[in-house]
Amino acid sequence: MAVTLHHNAMSTCSQKVRLALEEKGVVWTSAELNLIAREHKAPEYLKVNANGVVPTLQVDDQIIT
């Protein structure tokens with residue numbers, strides 16, 4: 001099971017997801033986005049989350065926004 005979290009370090013919602021993953025002992029990969037550089041609005045990220053917001057949790061091929 002591959003778990004990737006698309007997030008930003010300063011995002012409160014992202015912090016909550018990171019805490020939950022750590023508490024559950026889930027091994028995950030970080031895909032941090034620079035919100036100031038508007039990476040969350042880049043076409044590549046909009047393919048993952050059409051809303052262009054963080055966090056987005058990707059478990060294998062399933063996307064959880």
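Which residues does Val3 touch, not counting residues up to four places away in sequence? I looked this up first, taking contact as heavy atoms within 4.5 Å. Val3 touches Val26, Val27, Trp28, Thr29, Leu57, Gln58 and Val59.

I noted the basis of the entries. The model is predicted, so local features need pLDDT of at least 70 and side-chain atom pairs count only at pLDDT 80 or more, while totals for chains, interfaces and linings use all residues. Residues are numbered from 1 along each chain as its sequence is written, and side-chain values use heavy atoms, with hydrogens and water left out.

**Core.** I found Val3 again in the largest nonpolar core, which has 5 residues in all: Val3, Leu5, Leu21, Leu57 and Val59. Strand E1 (3-7) and strand E3 (56-59) are the elements that give two or more residues to this core. Such a core is a set of buried Ala, Val, Leu, Ile, Met, Phe, Trp, Tyr and Cys residues joined through side-chain atoms within 4.5 Å. Buried means under 20% relative accessible area, with a 1.4 Å probe and protein chains only.

**Asn8.** I placed Asn8 in the loop between E1 and H1. Asn8 counts as buried because its relative accessibility is 10%. A polar atom of its side chain lies 2.8 Å from the backbone nitrogen of Met10.

**Arg18.** I located Arg18 in helix H1 (residues 12-24). Arg18 is buried but has no salt bridge (a side-chain nitrogen of Lys or Arg within 4 Å of a carboxyl oxygen of Asp or Glu). Glu32, the nearest side chain of opposite charge, is 6.6 Å away. A polar atom of the Arg18 side chain lies 3.4 Å from the backbone oxygen of Asn8.

Technical notes:
Helices (H or I, at least four residues) and strands (E, at least two) are DSSP runs, numbered from the N terminus. Buried means under 20% relative accessible area, exposed over 50%, partly exposed in between (1.4 Å probe, protein chains only). Lys and Arg count as positive and Asp and Glu as negative; His and the chain ends are not counted. A polar contact is a pair of N or O atoms within 3.5 Å; within protein, one must be able to donate a hydrogen and the other to accept it, and residues adjacent in sequence count only if both atoms are side-chain atoms.
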